[in-house]
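Subject: Structure handover and notes

Hello,

My findings follow below it.

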Amino acid sequence: MASEKRTFAMKMLPPNFPILWKGETGYEEARIGRVFNFRRPERYPVAVIEATTEDHIVEAVRLADGIGCRVSVRSGGHSWAVWSVRDETILVDLGRYHEFSFDEKTGIAKVSPSTTGRMTNKLLEAYGRMFPGGHCPENWGWACERVLAVDVVTADGRKLHCDKKENSDLYWAARGAGPGFPAIVTRFYLQTMPSFSHMRSSAYIYKREDYRKALEWILGITSAYDEGTEIVAVASYPPGRSEIHVMVLLVTFKNSEKEARAALQPAEESAPPGHVDTWFCRETSFSKEYDDQHAANPLAHRYCVDNCYVRNDADVVSVLEDAFTTLPSRKSFSLWYSMAPCSRRSAEKGTMDDMALSMQSDHYFAAYTVWEDEADDSRCQGWVKEICREMERFSEGSYLGDADFQVRRTMFWETEQGRKLMKIRRDWDPDGRIAGYLDDGDKSGTEGLTNVHEWKNSKMEPRTSNGDSKPS
Ligand SMILES: Cc1cc2nc3c(=O)[nH]c(=O)nc-3n(C[C@H](O)[C@H](O)[C@H](O)COP(=O)(O)OP(=O)(O)OC[C@H]3O[C@@H](n4cnc5c(N)ncnc54)[C@H](O)[C@@H]3O)c2cc1C
């Protein structure tokens, strides 16, 4: 960046402003130190602002406007594709911007964006409340349906409150736009719910050769299963085992042992024989489930992730077979998540909130590829690409939180919602001040994503010896 621009910028900023310019001591740590994925990108922001107040965020946007560059944002640093780190941007890091308050009358928690699900639920424990995110039954609906409002700093530096009545289009977009949201969220208003006294789990672990038996069974019983129970199937190398295994896991949220046992009993009675390990109605908790998630997603590792919503009319067991029986590394895992009956609701019928988030099917599949050595990058990334290329024909689209638009662009919203979202982005950020969707070459700008199945009809080049392949 030209030194005169920087000098100009310094004059705009208040004293002791928490900014680190590229090249300064501490810049590299500020650029990527809080990024979860160790497959770190060669992308370099002009400067990083470690905001601790809302005003710092406003100043950051004004500064970017003053020097003519974009703004990127980081909250948790958990984006697999590292969307926060962009070339020629001012990166606003919210890791030091903390806020939490809880209103006992309304049950609404106000939370700053870098507060993780685990932190939020820990803080809510004292009030006997919880906020459902990961590990909660899909039947409770999407977590973003419980986001009642957001406060934002807009692309032109204004502080606004957004909910169903005020700035409702931004509120609509905030729930489903992902990294294309055309403003910076500074506060979430979360509708919490009473917590449950009895969280229990059951598991059934099968050898790889019993994959079909296990999946056919669980697919057959999920649609009519108890509403307070989360159901997943995971293919992985379990600790101490040298072969891939398939684990069917049920986690139920109840208020007594009796209710928990009753909810888990139908699985216990119908599970096909042949499992090599199992447990029934074992005591668990949010922190135990979060610990398990941490163990499956270790720090300081390299990751490549992609996903599909598999069509309801597909032969799901066959579509997922390669992904569940051929993992590219010992720490990788593939996951199927039951979304029914939540997935059958619709905004038109009033059974689901009207919001940008609209892509869904009964079957969520994601491949989480985990490895340590850079030499394995191409092979592991190639495996994910190949798995999703095969699956694209059978998919409705994808969830953007587990996607990387630099590699694969597909449908992330229903057609109408996608169009509306791209218009809202252009209305609120016509100059593309907020760095949006990171596609190949970071070119998408104000246009955003096209929201089509780009790979559906494309032919792939044959796989190279390292497993890499790309669509022609
Ligand atoms: C270990 C692990 C487990 C995960 N589990 C789940 C899961 O159970 N369910 C699920 O849905 N997803 C899950 N994800 C995916 C994750 O939720 C998404 O990648 C999400 O984007 C992470 O949010 P973040 O704030 O940490 O992202 P960051 O990396 O901090 O930010 C990513 C992008 O989000 C946008 N953004 C971030 N903060 C703001 C803000 N304040 N205002 C406006 N835009 C902003 C920006 O475009 C930013 O570049 C998981 C990821 C990891 C690494």
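Does Pro272 count as buried or exposed, and what is its relative accessibility? The model is a predicted one, and in it Pro272 has a relative accessibility of 12%, so this residue counts as buried; the cut-off for buried is under 20%. Pro272 sits in the loop that runs between α7 (257–270) and β15 (277–284). Once neighbours within four places in sequence are set aside, the contacts of Pro272 are Tyr206, Lys213 and Trp217.

Thr186 is another buried position, with a relative accessibility of 0%. It belongs to strand β10 (residues 183–191). Leaving out residues up to four places away in sequence, Thr186 touches Glu54, Ile57, Tyr97, Ser112, Pro113, Asp151, Val152 and Val153.

Next, a helix pair. Two packed helices are described by the angle between their axes and the distance between the axes. For helix α4 (residues 117–125) and helix α8 (residues 286–296), the axes come within 11 Å and the crossing angle is roughly 165°. Angles over 145 degrees count as roughly antiparallel, and α4 and α8 are therefore roughly antiparallel to each other. The crossing of α4 past α8 is left-handed. On the α4 side the contact is made by Gly117, Arg118 and Asn121, and on the α8 side by Phe286, Ser287, Tyr290, Asp291 and His294. By type, the residues of this contact comprise two nonpolar, four polar and two charged.

In the pair formed by Phe286 and Tyr290, the ring centres are 5.7 Å apart and the planes are at 20°, so the pair is stacked; the limit for stacked is under 30 degrees. Both residues lie in helix α8, four residues apart, which is about one turn of the helix. Phe286 and Tyr290 are both buried.

Elsewhere among the aromatic residues, ring pairs join Phe36, Trp80, Tyr303, Phe333 and Tyr368 into a cluster.

Regards

Terms used: Residues are numbered from 1 along each chain as its sequence is written. This is a predicted model: local features need pLDDT of at least 70, side-chain atom pairs count only at pLDDT 80 or more; totals for chains, interfaces and linings use all residues. Side-chain values use heavy atoms; hydrogens and water are left out. Axes are lines fitted to C-alpha atoms, for helices over the stretch in contact, and angles run from 0 to 180 degrees between N-to-C directions. Helices (H or I, at least four residues) and strands (E, at least two) are DSSP runs, numbered from the N terminus. Angles under 35 degrees count as roughly parallel, over 145 as roughly antiparallel, 65 to 115 as roughly perpendicular and the rest as oblique. A crossing is left-handed if the near helix is turned anticlockwise from the far one by less than a right angle, and right-handed if clockwise. Contact means heavy atoms within 4.5 Å. Ala, Val, Leu, Ile, Met, Phe, Trp, Tyr, Cys and Pro count as nonpolar, Asp, Glu, Lys and Arg as charged, and the others, Gly among them, as polar. Rings of Phe, Tyr and Trp (its six-membered ring) pair if their centres lie within 6.5 Å; planes under 30 degrees apart count as stacked, over 60 as edge-to-face and the rest as tilted. Buried means under 20% relative accessible area, exposed over 50%, partly exposed in between (1.4 Å probe, protein chains only).
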